[in-house]
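User: Please take me through this one. I want to see the value behind each label.

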Amino acid sequence: MTRKTARLTIDGEPGTVELPIHESSAGPSVIDVRGLSEQGIFTYDPGFMSTAACDSDITFINGDDGVLLHRGYPIEQLAEHSSFLETCYLLLHGELPEAGEKLEFENNIRYHTMVDQQIHQFFRGFPRSSHPMSMLVSVAGALSAFYHHSLDISDPEHRMLVAQRIIAKMPTLAAMCYKHGVGQPFMYPRNSLGFAENFLHMLFGTPCEEQDINPVLARAMDLIFLLHADHEQNASTSTVRLAGSTGANPFSCIAAGIAALWGPAHGGANEAVLKMLFEIGSESRIDEFIRRAKDPDDPYRLMGFGHRVYKNFDPRATVMREACDRVLEEVGAAADGALFRIARRLEQIALEDDYFVERKLYPNVDFYSGIILRALGIPTSMFTVIFATGRTPGWMAHWNEMLSGAYKIGRPRQLYRGPVKRDYPVGRFAGNSA
Ligand code: CMC
């Protein structure tokens, strides 16, 4: 097979540099520019608009056709037939589990749901009004103190064990962040329950009252976790990889990922969507907000619209939209029905408006997830925490994949535009002897 190459012409000198091209199994091939640095040449790509930072077997996205595959399986099929934990297994191991493997994996996750009692002390230091993400980023990182000395990240079994630990403990930490804010006692995990049910139990249960978990709502919760499970090299996953490339403790890498997820351009968008829908308040005000989003002099953006990779409908949004209907029907939330109507109308207008059509700004996963979460009774400030809980297997799968192969510490270069070397002006202040 002939090896494809690209030739780089610098300053009119033809064919100065020859660069290998690597074929992908799906999606665009990439030009390997690694050899350029040896010749003192660097590429410039802020925001990684055209740069593949790694190779990966985990998730494939075709943003033009609205395709999302985990280990080859379409997200729509996983959403219909699989569960969050089975998808976690798939992301981590590369294949769907056999029945025995599935059971063993689920039992392992159950076994690790509790967090060390010392973690409870951390919460005492947080004001009740703390944003749940601020607590989550801290306590997730704090777990590294409990699992550091005995952890060998070069050992594949250790890596799998720590991945299971983190996936299992995230819902426990997430629920603790909520309970602290509302001043209720922390609920211990109940390991007879499924993953999503257990989360809802820790969130809404109290020691005084048993909580019956509605199976339709538990299934919706599981679906939300599943739809967020991975999304290839997004900002938070790339952050986890970058932190992990230094050999850092995986709990601290996850804390770094949580920090990156928090912003409204990434995981914080689900919270921002709901705030936006409330701010709009009625269908009659939609045009005003659309006008603002289109105004080049106004920084306002429609939250839940647009995506760096999807330039067609986000396939997760399609699944989420259907789930939204089911949940609203189940809970019969009249108020949220109004919210949903604003969302639907907004979606319709944006899909027809030239500004959004030309820029290929379609609703993304966060556009509907917020409405479902609210219908489940989850407060807005917890939305991004739930995104983080769902994204944890993706972060761990990428961290594990990186450490399983040859990797280098992530170290971007820069285009320096500051002052060139100059001498310190000695004696500019009286008495300055330095
Ligand atoms: N509302 C109005 N205009 C928008 C929007 C929006 N939501 N998103 C992009 N644009 C415009 C932008 O102003 C620009 O216009 P122009 O070419 O006239 O300057 C053009 O579309 C391209 O925007 P960009 O900022 O260059 O696109 P990007 O790929 O860098 O940003 C994004 C992607 C997701 C950050 C952005 O679309 C956005 O801020 N969306 C709202 C926040 C949001 O919903 N984020 C959740 C993403 S999905 C969940 C996840 O994976 O984390």
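User: Why is Tyr300 called buried?
Analyst: Tyr300 has a relative accessible area of 14%. Buried means under 20%, exposed over 50%, and partly exposed in between, with a 1.4 Å probe and protein chains only. The value of 14% is under 20%, so Tyr300 is buried. This is a predicted model, where local features need pLDDT of at least 70, side-chain atom pairs count only at 80 or more, and totals for chains, interfaces and linings use all residues. Residues are numbered from 1 along each chain as its sequence is written, and side-chain values use heavy atoms, leaving out hydrogens and water.

User: What makes Tyr300 and Phe289 an edge-to-face pair?
Analyst: Two numbers describe a ring pair: the distance of the centres and the angle of the planes. Rings of Phe, Tyr and Trp (its six-membered ring) pair if their centres lie within 6.5 Å; planes under 30 degrees apart are stacked, over 60 edge-to-face, and the rest tilted. For Phe289 and Tyr300 the centres are 5.8 Å apart and the planes stand at 65°. The distance passes and the angle is over 60, so the pair is edge-to-face. By this rule there are 15 aromatic pairs.

User: Where do the two partners sit?
Analyst: Phe289 is in helix H12 (residues 286–294), and Tyr300 is in the loop between H12 and helix H13 (315–331). Helices (H or I, at least four residues) and strands (E, at least two) are DSSP runs, numbered from the N terminus. The partners are eleven residues apart in sequence, so their pair ties those parts together. Phe289 has 2% relative accessibility, so it is buried as well.

User: How do you know that Arg292 lies over the ring of Tyr300?
Analyst: The rule asks for NZ of Lys or CZ of Arg within 6 Å of the ring centre and within 35 degrees of the ring normal. Arg292 is 4.4 Å from the ring centre and lies over the face of Tyr300.

User: What makes Tyr355 and Phe356 a pair, and of which kind?
Analyst: Their ring centres are 5.1 Å apart and their planes are at 70°, so this pair is edge-to-face too.

User: Why is the contact of Asp32 and Arg34 called a salt bridge?
Analyst: The test is a side-chain nitrogen of Lys or Arg within 4 Å of a carboxyl oxygen of Asp or Glu. The closest N and O atoms of Asp32 and Arg34 are 2.7 Å apart. Asp32 is buried at 10%, whereas Arg34 is exposed at 65%. The whole structure has 13 salt bridges.

User: Which residues touch the most other members of the largest nonpolar core?
Analyst: Met221, Leu277 and Leu346 do, in a core of 114 residues. Such a core is a set of buried Ala, Val, Leu, Ile, Met, Phe, Trp, Tyr and Cys residues joined through side-chain atoms within 4.5 Å. Helix H6 (residues 156–182) gives the largest share, 13 residues. Beyond its neighbours within four places in sequence, Leu346 has contacts (heavy atoms within 4.5 Å) that include Met276, Leu277, Phe305 and Phe367.

User: How do you know which way the buried residues of H9 face?
Analyst: In helix H9 (residues 235–244), Ser236, Thr237, Val240, Arg241, Ala243 and Gly244 are buried. They cover an arc of only 165° around the axis, taken from the directions to the C-beta atoms, so they are on the same side of H9. An α-helix has 3.6 residues a turn, so residues three or four places apart point the same way. The buried residues of H9 pack against helix H10 (250–261) and helix H17 (383–404).

User: What makes the phi of Phe48 worth a note?
Analyst: Phi of Phe48 is near 50°, a positive value in a residue other than glycine. Phe48 is in the loop between strand E3 (30–31) and strand E4 (59–62). At 51%, Phe48 is over the 50% cut-off, so it is exposed.
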